[in-house]
Amino acid sequence: MTSAPAPEPRAPKPALIFDDPLDQQSSDDTDRGWGERPGSDGDAAAELKRFLDEKPPHHI
């Protein structure tokens, strides 16, 4: 008679968390990143490049 193979151990199920998700701050709750470019530090060439990159097409 053949015996059934031993069952493999299961991974534990993730625990249910009943915290209020609105109590946690998300990445879009901050002012960081709104029109800022990191590392420009007043560099005139970088500012000119940013201006030219963001200039609307109708402003030639």
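The model is predicted, so local features need pLDDT of at least 70 and side-chain atom pairs count only at pLDDT 80 or more, while totals for chains, interfaces and linings use all residues. Residues are numbered from 1 along each chain as its sequence is written, and side-chain values use heavy atoms, leaving out hydrogens and water.

**Helix and surface**

- The chain has 1 helix and 0 strands; helices (H or I, at least four residues) and strands (E, at least two) are DSSP runs numbered from the N terminus.
- Of the chain's 60 residues, 0% count as buried, where buried means under 20% relative accessible area, exposed over 50% and partly exposed in between (1.4 Å probe, protein chains only).
- The accessible surface of the chain is about 6600 Å², and 57% of this belongs to carbon and sulfur atoms; such areas come from the Shrake-Rupley method with a 1.4 Å probe, and for residues only the protein chains shown count as cover.

**Salt bridges**

- There are 2 salt bridges, each being a side-chain nitrogen of Lys or Arg within 4 Å of a carboxyl oxygen of Asp or Glu.
- Lys49 pairs with Asp53 in a salt bridge, with 2.9 Å between the closest N and O atoms.
- Both Lys49 and Asp53 belong to helix H1 (residues 44-54), where they are 4 residues apart, about one turn of the helix.
- Lys49 is exposed at 51% relative accessible area, whereas Asp53 is partly exposed at 45%.
- Arg50 and Glu54 form a salt bridge at 3.4 Å, N to O.
- Arg50 and Glu54 are about one helical turn apart because 4 residues separate them in helix H1.
- Arg50 is partly exposed at 22% relative accessibility, and Glu54 is partly exposed at 48%.

**Nonpolar patch**

- Leu48, Phe51 and Leu52 make up a nonpolar surface patch with about 310 Å² of accessible area together.
- Patch residues have over 30% relative accessible area and no salt bridge; like charges are joined within 9 Å, and nonpolar side chains (Val, Leu, Ile, Met, Phe, Trp, Tyr) within 5 Å.
- Leu48 lies in helix H1.
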